[in-house]
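Please read them with the coordinates open beside you.

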Amino acid sequence: MEEFIRNDDPEPFLRVVASVTGAQPLMATFERRTAKHTLKRLFSSKIKSGDALFDQSVIITGSRTRPVLETLVRHDGFQSAVMSLTAHGDVVTVNSSRLTVVAQLTDFDLRAEVPLATVAVLRHLARLG
């Protein structure tokens with residue numbers, strides 16, 4: 001599902017909600033690392049991909065499904081898709097096999113990039129099935 005959200009902000013938001021069947025359940029949140037995460041990092045689950053750029057750019061939470069999550073974050077394609085989504089939407093949430101992204105469309109060309117990156121993440125989730 002893809003929908004445009006308009007509020008008081010002059011730029012619209014794009015919400016993409018997608019799911020894949022037959023995938024292993026995953027509960028995780030991927031957030032763009034910002035200055036506010038200094039304290040949060042102390043309490044995070046410390047899941048690392050081994051890729052310095054990804055680990056410096058994205059904070060991962062989701063300790064209940066840690067083995068599945070550790071497998072996913074080692075894939076370059078998964079890392080690239082998550083970095084693309086967090087660059088435009090700050091937070092990506094995976095609940096079971098359902099992925100939710102809300103991205104501000106400061107550039108209308110992003111209307112294609114966000115769904116494509118979402119599909120890439122779903123493809124990696126499906127491979128775990």
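This is a predicted model: local features need pLDDT of at least 70, side-chain atom pairs count only at pLDDT 80 or more; totals for chains, interfaces and linings use all residues.

1. Which residues form the salt bridge? Arg 66 pairs with Glu 70, and the closest N and O atoms of the two are 2.8 Å apart. Both Arg 66 and Glu 70 belong to helix α3, which covers residues 66-72, and they are four residues apart, about one turn of the helix.

2. Are the two partners buried, partly exposed or exposed? Arg 66 counts as partly exposed, because its relative accessibility is 27%, and Glu 70 is likewise partly exposed, with a relative accessible area of 24%. The cut-off that matters for this reading is that buried means under 20% relative accessible area.

3. Turning to the fold, the protein chain has five helices and six strands, and along the sequence these elements follow the pattern β-β-β-α-α-β-α-α-β-β-α.

4. On contacts, if one takes those in the protein chain with a separation of 6 or more, residues 24 or more positions apart account for 68% of them.

5. On burial and surface, the protein chain has 129 residues, of which 41% count as buried. The protein chain exposes about 7200 Å², and carbon and sulfur atoms supply 53% of that area.

Note on methods: Residues are numbered from 1 along each chain as its sequence is written. Side-chain values use heavy atoms; hydrogens and water are left out. Helices (H or I, at least four residues) and strands (E, at least two) are DSSP runs, numbered from the N terminus. Buried means under 20% relative accessible area, exposed over 50%, partly exposed in between (1.4 Å probe, protein chains only). Contact means heavy atoms within 4.5 Å. Accessible areas come from the Shrake-Rupley method with a 1.4 Å probe; for residues, only the protein chains shown count as cover. A salt bridge is a side-chain nitrogen of Lys or Arg within 4 Å of a carboxyl oxygen of Asp or Glu.
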